[in-house]
Amino acid sequence: MIQVRVAGVALDATGQHVVLLKPLDEIPGDGLVLPIWIGQLEATSILVALENAPVPRPLAHDLMRTMLETLGAEVTRVAVPRIEEGTFYGEITLATALGERVVDARPSDAVALASRVGASIWVAEEVMTEAGVPDVLTETDAAERLDEFKRFLDDVEPEDFEA
């Protein structure tokens with residue numbers, strides 16, 4: 001397993017959201033980055049957590065964190081252990097009163113939760129080898145995306161989060 005960090009959340013050419021996972025020991029623009037396509041709500045949730053942005057009401061991943069805390073469980077790590085036919089699989093490892101438990105999850109939910117609780121994020125070497133792409137992100141690209149997200153937060157209304 002390779003420990004990674006969230007290098008960013010971006011839009012692809014078709015407007016789909018992508019979370020980019022980058023090995024901790026690699027500098028931006030070097031090595032590989034793992035793109036995982038995710039939904040808009042999960043992308044927003046990850047960005048809110050990374051920016052510590054205030055939200056008018058708890059998002060789903062805030063609720064997950066609160067429930068786990070209330071039950072005395074702790075997220076110790078999350079992982080992307082495999083990819084099958086283009087579908088990524090995620091796991092959340094919990095420390096509970098009954099011992100360690102591993103819960104199946106979508107990678108986007110696992111990453112959003114890890115981003116809130118400070119848990120480490122891991123990707124299987126085989127997944128990074130199969131689905132990783134060369135990292136060509138520049139600091140300018142990252143700064144522009146951050147500015148775009150900050151503009152989004154300025155314009156978002158509580159009603160935008162209603163189901």
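1. Terms first. Buried means under 20% relative accessible area, exposed means over 50%, and partly exposed is in between (1.4 Å probe, protein chains only). Asn-52 is exposed, with a relative accessible area of 68%.

2. Basis. This is a predicted model, in which local features need pLDDT of at least 70, side-chain atom pairs count only at pLDDT 80 or more, and totals for chains, interfaces and linings use all residues. Residues are numbered from 1 along each chain as its sequence is written, and side-chain values use heavy atoms, with hydrogens and water left out.

3. Fold. The chain has five helices and eight strands. Here helices (H or I, at least four residues) and strands (E, at least two) are DSSP runs, numbered from the N terminus. Along the sequence the order is β-β-β-α-α-β-β-β-α-β-α-β-α.

4. Packing and surface. Of the 163 residues, 39% count as buried. Contact means heavy atoms within 4.5 Å. Among the contacts with a separation of 6 or more, 54% come from residues 24 or more positions apart. The accessible surface of the chain is about 9500 Å², and carbon and sulfur atoms hold 52% of that. Areas follow the Shrake-Rupley method with a 1.4 Å probe; for residues, only the protein chains shown count as cover.

5. Positive phi at Asn-52. Phi is near 50° at Asn-52, a positive value in a residue other than glycine. Asn-52 sits in the loop between helix 1 (40–51) and helix 2 (60–70).

6. Positive phi at Glu-85. Glu-85 also has phi near 50°, positive in a residue other than glycine. Its place is the loop between strand 4 (74–84) and strand 5 (87–96). Is Glu-85 buried or exposed? Glu-85 counts as exposed, at 84% relative accessibility.

7. Lys-22. This lysine belongs to strand 2 (residues 17–23). Lys-22 is buried, with a relative accessible area of 0%. What lies 3.3 Å from a polar atom of the Lys-22 side chain? The backbone oxygen of Leu-32 does. A polar contact is a pair of N or O atoms within 3.5 Å; within protein, one must be able to donate a hydrogen and the other to accept it, and residues adjacent in sequence count only if both atoms are side-chain atoms. Leaving aside neighbours within four places in sequence, Lys-22 is in contact with residues including Gln-3, Arg-5, Asp-30, Leu-32 and Asp-135.

8. Helix 3. Nine of the 11 residues of helix 3 (107–117) are buried. Among them are Pro-107, Asp-109, Leu-113 and Arg-116. Gly-118 follows helix 3, with a positive phi near 80°.
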